[in-house]
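Okay, thanks for making time, everyone. Let me put the thing up on the screen and then walk you through a few spots in it.

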Amino acid sequence: MRKNLFKEAGIIAGIVFLLLVGFILTSFLSFSVTRNLIINSARSQTLPLISDNIYSVIKKDLLDPINVSSLMANDAFLIEWIKSGEKGLDEITTYLQLIREKYGYTSSFFVSEITGNYYYYEGILKQISPEDAHDVWYFDFKAKDVPLDLDVDNDEAKNGLLTVFINHRLLDHEGNFLGVTGVGLELRDIAENLAAYEDRYNRRIYMIDHDGLIQIHPDKTLVEAANIQNQEGISQISDEILSTKEEVKILEYKDHKGIKTLSIRYLPEFDWLLVVEKDQTASLQEARQSLWQNLLIGILVTIIISLGVIIAFKRYNQRLEFLASFDELTGLFNRRAFQKLLEREISIAQRYGYSSSLLMLDIDEFKSVNDQFGHFVGDKLIIDVVDAIRSNLRSTDIIGRWGGDELVIFLLRTDESEAVNTAQRIQSAVEEIKFETSQGAINRTVSIGITSVLAEKISSENLLKQADKALIKAKKSGKNSILIYSSL
């Protein structure tokens with residue numbers, strides 16, 4: 001028994017081990033696949049697509065003012081007003097005011113190369129000078145010899161409001177440089193748009209110039225103050241970022257917070273770079289949480305399956321134990337168990353010198369029931385006969401199924417005459433059974449052989465042989481017969 005228990009424990013431990021190893025390996029493999037899928041998907045699909053969408057929106061937001069500044073630079077009124085000597089301040093003021101109000105810009109301006117006047121929508125703001133730090137932009141732009149430029153600077157007309165100026169070179173019909181005109185967009189509005197894109201796409205979005213200096217960012221403290229070449233992690237790939245021109249680049253870097261994936265797109269209209277950055281930490285954290293959830297579920301499933309296996313083993317063992325000692329059909333002791341009990345009871349009877357009796361019986365003409373109605377009906381008849389017999393036995397009596405329709409009964413402390421009385425009661429009870437079949441009710445009788453345990457020594461095997469001989473003689477003498485072995 002102990003050996004079986006150790007064997008069962010080993011099997012259960014093996015099942016638990018295999019389940020746990022299987023769940024752990026599957027969970028980590030799933031995490032690895034998910035991790036690679038997240039990173040590769042962001043690198044090859046999601047990030048480029050979102051970058052395209054954001055690029056289109058930002059380009060539209062900035063192209064409109066670029067187009068307006070271009071129209072201003074080609075406006076015949078403005079060119080003629082300058083060539084006529086810049087007479088009539090109200091005319092230029094009204095013109096710039098109309099531009100500003102019509103398109104909703106923060107500022108509209110014209111800086112004259114001839115007079116040095118800085119005209120804006122309320123008049124003349126100042127006279128520009130190379131010595132004024134706020135005017136350096138003008139002279140830098142003039143020196144670049146480019147038609148268009150974007151500059152992030154403080155708007156002096158708005159008490160230093162941080163503004164993105166779209167500067168456009170103004171030329172006359174002969175190509176002479178007349179000054180710079182354009183409009184200004186409040187950086188806060190652009191930053192708010194970027195913040196809205198960040199919330200929508202769950203990406204960090206900002207723009208840098210060709211030197212790596214941040215020009216537009218939702219965090220205004222970084223504008224023209226932070227350079228990617230000096231920032232942790234991204235500085236390692238800054239040269240590759242700044243070399244982006246025609247193609248869109250997908251790059252990666254790692255800082256103390258985790259892996260970042262970047263989409264870099266060059267904006268030739270502004271000579272800036274659009275950076276769309278995806279922090280993979282949150283996505284990978286979800287994958288890690290999924291890993292731990294899978295492991296927890298695996299442990300719970302392992303526990304449940306283990307309990308199920310233990311219960312199954314227990315029931316299986318109980319079933320085996322039952323089948324080892326009892327007849328499956330009737331629930332009586334089987335032949336092996338009955339004989340074992342019989343040996344013990346005979347030994348006790350002989351030791352204390354009291355008589356006990358053994359009855360062996362079978363159902364008369366039982367074969368005809370099986371032949372005519374089938375084994376299912378025959379099995380039902382055996383069960384009914386057993387129930388009738390049990391109702392006429394004491395709780396101390398032992399009954400077993402010897403085989404087929406043969407039953408054996410050991411009557412404790414019962415002499416021969418008492419055994420005969422019990423046999424007769426059993427016959428009467430069986431004879432009263434009305435067993436329903438497809439062809440109507442039938443009844444059967446039983447023949448019984450009796451033998452007794454007396455003071456002399458006798459083995460269980462011999463006692464069973466005596467009862468069997470008595471039963472054979474009883475059946476030969478006719479149905480419903482009782483025969484005692486001593487009378488043979």
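This is a predicted model: local features need pLDDT of at least 70, side-chain atom pairs count only at pLDDT 80 or more; totals for chains, interfaces and linings use all residues.

Now, which residues of α12 are buried? They are S460, L463, L464, Q466, A467, A470, L471 and A474. Those residues cover an arc of only 155 degrees around the axis, so they sit on the same side of α12. And what do they pack against? There's one helix among the partners, α8 (335-352), and then come the strands: β12 (356-363), β13 (398-403), β14 (406-411), β17 (446-453) and β18 (482-484). After α12 you run into G478, which has a positive phi, near 130 degrees.

That brings me to backbone angles. Most residues other than glycine have a negative phi. Here are two residues with a positive one.

Take D145: it isn't a glycine, yet its phi is positive, about 60 degrees. You'll find D145 in the loop between α4 (136-144) and β4 (148-155). Is D145 buried or exposed? Exposed, because its relative accessible area is 61%, and the cut-off for exposed is over 50%.

The other one is R413, also not a glycine, with a positive phi near 50 degrees. R413 is in the loop between β14 and α11 (416-431). At 59% relative accessibility, R413 counts as exposed too.

Definitions and conventions: Residues are numbered from 1 along each chain as its sequence is written. Side-chain values use heavy atoms; hydrogens and water are left out. Buried means under 20% relative accessible area, exposed over 50%, partly exposed in between (1.4 Å probe, protein chains only). Helices (H or I, at least four residues) and strands (E, at least two) are DSSP runs, numbered from the N terminus. The arc is that of the directions from the helix axis to the C-beta atoms. Contact means heavy atoms within 4.5 Å.
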